[in-house]
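Dear colleague,

Please find below the structure that I am handing over to you. My notes on what was found in it follow directly after.

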Amino acid sequence: MSTPTDAPTTVTSLAVVMFTVSDVDAAIAFYRDRLGWELRGDMRFGENGENRWVEVAPPGSVARLALNPPMFDQPGGGSIGVETADVLGEHRRLSAIGGIDLDAEPMQTPGAPLMFMLRDPDANHVVVVEAPPAG
């Protein structure tokens, strides 16, 4: 009898993660105008164009974040991690912008990288993590 793990996966990367948001336009404004991310796509779909597929991403990122209205429940509650080589600098940058719900300071826990969290207006969490050293 074969199992799904008998054949190797054809999946090659994590490409799109999804957050549910209460207001797609407000979410675009938060990620683009507050965090400095790029709007990668904003397309209408459905029989009468009643739905939107919206993607944002940090500049240079291959992976994207889709911003979707809730399908079954309340918005929010999602979590993603993003990397930077300069956690302290990014925290200073976001603190100076203001209007962003972020931790007062980055934290260092034994065995984990330096990091801090921020929350979007729908309480989705973005964990900003120090990228591992190259090599």
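In what follows, contact means heavy atoms within 4.5 Å. Please also bear in mind that this is a predicted model.

**D101 and its surroundings**

I begin with D101, which is found in strand β6. Leaving aside residues up to four places away in sequence, D101 touches M117, L118 and R119. D101 counts as partly exposed, because its relative accessibility is 43%. D101 and D120 are 19 residues apart in sequence, and their C-alpha atoms are 7.1 Å apart in space.

**The sheet of β5, β8, β7 and β6**

Strand β6 belongs to an open sheet of 4 strands, in the order β5-β8-β7-β6, with mixed pairing. The edge strands of this sheet are β5 and β6, each of which pairs on one side only. Between β5 and β8 the pairing is parallel, over 6 bridges. Within that pairing, E83 stands opposite V129 in β8.

Helix α2 lies across β5, β6, β7 and β8, and runs at about 30 degrees to β7. Which residues of helix α2 are buried? They are V87, G89, H91 and L94, in a helix that spans residues 87-97. The elements that cover these buried residues include α1 (24-34), β5 (79-84), β6, β7 and β8 (125-130). Just after α2, G98 takes a positive phi of about 80 degrees.

**Strand β4 and its partners**

Strand β4 (residues 64-68) is largely enclosed by the rest of the structure, because 4 of its 5 residues are buried. Strand β1 (residues 16-20) runs parallel to β4 and is joined to it by 5 bridges. In this pairing V16 stands opposite R64 in β4.

Strand β3 also pairs with β4, in the antiparallel sense and over 2 bridges. Here L65 in β4 is the bridge partner of V56. The hairpin of β3 and β4 has 6 residues between the strands, and in it G60 takes a positive phi near 85 degrees.

L65 deserves a separate remark. Residues up to four places away in sequence aside, L65 touches V17, M18, F19, Y31, W37, V54, E55, V56 and I80.

**The nonpolar core**

In soluble globular proteins, nonpolar side chains tend to be buried together. In this model the largest nonpolar core has 24 residues. Those with the most contacts inside the core are Y31, L35, W37, L65, L67, L118 and V126. At least two residues of this core come from each of α1, β3, β4, β5, α2, β7 and β8. The largest share, 5 residues, is supplied by α1.

**Salt bridges**

How many salt bridges does the model contain? The count comes to 8, and three of them are described here.

R52 forms a salt bridge with D42, with the closest N and O atoms 2.7 Å apart. This pair links distant parts of the chain, as R52 is in strand β3 (residues 51-57) and D42 is in strand β2 (residues 38-45), 10 residues apart. R52 is buried, at a relative accessible area of 18%, whereas D42 is partly exposed at 36%.

In a second salt bridge, R119 pairs with D103, the closest N and O atoms being 3.2 Å apart. This pair also links distant parts of the chain: R119 is in strand β7 (residues 115-119), while D103 is in the loop between β6 (101-102) and β7, 16 residues apart. R119 is buried, with a relative accessible area of 16%. R119 is also one of the residues that D101 touches.

Salt bridges that share partners join D25, D42 and R52 into one network.

With kind regards

How values were computed
Residues are numbered from 1 along each chain as its sequence is written. This is a predicted model: local features need pLDDT of at least 70, side-chain atom pairs count only at pLDDT 80 or more; totals for chains, interfaces and linings use all residues. Side-chain values use heavy atoms; hydrogens and water are left out. A salt bridge is a side-chain nitrogen of Lys or Arg within 4 Å of a carboxyl oxygen of Asp or Glu. Buried means under 20% relative accessible area, exposed over 50%, partly exposed in between (1.4 Å probe, protein chains only). Two strands pair if DSSP finds at least two bridges between them. A nonpolar core is a set of buried Ala, Val, Leu, Ile, Met, Phe, Trp, Tyr and Cys residues joined through side-chain atoms within 4.5 Å. Axes are lines fitted to C-alpha atoms, for helices over the stretch in contact, and angles run from 0 to 180 degrees between N-to-C directions.
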